[in-house]
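Me: I'd like to learn how to read a few features of a model like this one. Can you walk me through it?

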Amino acid sequence: MRHAHSVQAVRAAESELMARLPEGALMQRAAAGLAAACAALLAGRGPVPAVRPGRGPGVYGARVVLLIGAGGNGGDALYAGARLVRRGAGVTALLLTPAKAHAGGLAALAAAGGEIIETAEETATDPAYAALWHHVERMLTRADLVVDGITGLGGHGGLRTGAARLAHAAEADQVPVVAVDLPSGVDADTGEVHGPAVTADLTVTFGTHKPGLLVDPAREHAGTVRLIDIGLDLPGPAAAEALQHADVAALLPRPAPESDKYRRGVVGICAGSARYPGAAVLCVHGALRTGAGAVRYAGPGDQAVVARHPETLVSAGLPSEAGRVQAWVVGPGLGEDEEAGRRVADVLAQDVPVLVDADALRFLERERLRARTAPTLLTPHAGEAARLLGVEREHVEAARLASVRRLALEYGATVLLKGSTTLVAAPDESMPVRVNATGTPWLATAGSGDVLSGVVGSLLAAGLSARDAASAGAYLHGLAARHAADGAPVDAQDVAGALPAAWRDVKRG
C-alpha cells in the first residue's frame with residue numbers, strides 16, 4: 001500500500017524528528033537521496049534519457065541547473081547540488097528569491113565550487129535585466145538536468161512570472177526535470193493546479209507520498225515518483241492511499257471446495273435498453289469474468305444477453321422479480337424514461353448492496369439514498385458527479401479529491417469517481433480516499449465503464465465492502481486494460497476478456 005499524508009501531518013512528523021536529530025541532519029538525509037536520484041538519472045537509470053549527444057553517461061561533466069526558491073526544498077536542492085559538484089558535475093543555482101534562499105545550502109554549494117546567479121523574481125519583466133534572463137534561459141536549454149526547488153509543501157497557487165519563465169524554458173527544450181518533494185505550482189494536499197506549474201520527469205519525495213502526487217491534475221506534473229525514506233514517523237490514517245498487487249490479492253475472493261453459486265455470489269444486473277442493449281452485454285461480461293457464481297439479468301436486453309452469455313439467468317420483469325441476489329448493479333444503458341426510473345427505484349428498495357451507475361444516477365433522491373440500510377456505491381464520471389453536486393464539470397476535474405469526498409458525504413454512499421485517476425471515497429471522513437494506480441489512456445473507450453460496473457458488482461456480491469469492491473474492481477479493470485492494450489487500441493470487450501489475466505497477475509504478485 002502506498003500512503004499519502006497531508007502537509008500538516010508531514011510537518012508535525014518532521015518537527016518531531018528534527019527535535020531528536022542534530023541540526024540540519026534531516027535536510028542532509030533528503031539531499032543525499034535527491035543527489036543519488038539525480039546521479040542515477042544522469043547515468044541513464046531514470047525515467048527519461050538524460051544524456052546529451054557527445055557526452056557519456058554519468059555525473060562527471062554533466063551540466064546541472066538548480067531552480068531555487070525560499071524554504072526547505074531549495075535547501076535540499078542546494079545541498080544535493082554540492083554533492084553533485086563533488087562528483088564532477090557543473091552545477092549552477094538560479095536564485096529566484098535571493099534574500100530567502102537557504103543560507104546553509106548556498107554556503108555548501110559555493111564551498112564545493114558551484115555557481116550561483118541571482119535571477120530575482122522582480123527582475124523577470126525588467127528590461128534592464130533582459131540580457132541576464134536571456135542568458136539563464138539559454139543555460140537551461142543546454143543543461144543535462146534541471147532540479148526544481150522553487151516552492152515546497154506550503155506553496156499555493158501557480159508559479160510567479162520568473163519561475164514560470166524558467167520552468168517553460170526547460171520544458172520547451174525537453175530538458176529532464178527532477179522535482180524536489182513535489183512539482184512547484186501544484187497543491188500538495190489536493191492535487192489541484194491553479195496556474196503555471198513545473199512538469200517534472202521525476203519527483204523525489206521524502207518520508208511519504210503527498211496526495212497531490214497521486215491525484216490529477218497534479219499527478220500529470222509529477223512524472224515518475226520516487227519515495228526516499230528519511231525516518232519520519234507518520235501515525236494515524238493517511239489522507240489518501242493506493243493499493244498494490246498484494247493488497248488487491250488479499251481482497252479477492254477465492255472459492256472453497258464446498259462453494260456453490262450462492263456462496264460465490266450472485267449479482268443482479270439491471271442495465272441496457274432497446275437503444276443500448278450492448279451496455280447490458282458488457283456489464284454481464286465484466287461480472288462473469290470476475291468470478292460471479294451467477295448473474296441474474298433483469299431488463300429489456302434479455303435476448304442480446306442470452307445470445308452472448310447463455311449462462312446468464314434472464315428475466316424481462318422488474319428486478320425484484322428476478323430471484324435471489326447478493327448485490328445489484330443498476331444503470332448502464334438503462335435510458336432516461338419512466339420505465340427506467342421505475343427499475344431504479346425497485347432496485348434501491350431491495351436490502352442488498354447496490355451499485356448505481358450511468359443513467360440510474362439521474363434518478364437519485366439524496367434523502368432516500370441516505371435512508372438505505374444496505375451499502376450503496378455510486379460510480380459517476382466527472383460530468384455525472386458535477387450534476388449530482390450542482391457544479392460545473394470543470395470544477396470536479398480541477399478538484400477531484402474534494403469533489404469525491406463531498407459527494408460521498410452528501411449522499412451517504414461510497415463513491416467511485418471515474419477519470420484519469422479513479423478515486424474511491426467512503427462516507428466517512430476518517431477513511432483515506434483510495435487512488436487507483438492501474439489503467440491506460442486506451443481505457444477511454446465506449447463501454448469500458450459498463451464492464452467496470454459488472455466487475456465491481458461481482459465483487460460486491462462476493463461479500464466485499466463497497467469501498468473494497470470499488471478499489472479492487474477498479475484496480476483489476478485498469479490492469480486488464482493494460483494487458484489487453486499492450487500499446488495498441490482496445491475495445492470494452494477486449495478489456496473484459498483480459499480480466500482473468502489481470503486476476504492471475506495480481507495473485508502471482
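Me: Which residues does Ala 340 touch, not counting residues up to four places away in sequence?

Reply: Some ground rules: this is a predicted model, where local features need pLDDT of at least 70, side-chain atom pairs count only at pLDDT 80 or more, and totals for chains, interfaces and linings use all residues. Residues are numbered from 1 along each chain as its sequence is written, and side-chain values use heavy atoms, with hydrogens and water left out. Contact means heavy atoms within 4.5 Å. Here, Ala 340 touches Leu 334, Gly 335 and Phe 363.

Me: Is Ala 340 buried or exposed?

Reply: Buried means under 20% relative accessible area (1.4 Å probe, protein chains only). Ala 340 has 2%, so it counts as buried. Its place is in helix 13, residues 338-348; helices are DSSP runs of H or I, at least four residues, numbered from the N terminus.

Me: How far is Ala 340 from Pro 235?

Reply: C-alpha to C-alpha, they are 47 Å apart in space, and 105 residues apart in sequence.

Me: At what angle do helix 5 and helix 6 pack?

Reply: Axes are lines fitted to C-alpha atoms over the stretch in contact, and angles run from 0 to 180 degrees between N-to-C directions. Helix 5 (residues 130-141) and helix 6 (residues 161-172) pack at about 35 degrees, their axes 8 Å apart. Helix 5 contributes Trp 133, His 134, Val 136, Glu 137, Leu 140 and Thr 141 to the contact, while helix 6 brings Gly 162, Arg 165, Leu 166 and Ala 169.

Definitions and conventions: Helix = DSSP H or I, 4+ residues; strand = E, 2+ residues; numbered from the N terminus. Buried < 20%, exposed > 50% of the residue type's maximum accessible area, 1.4 Å probe, protein only.
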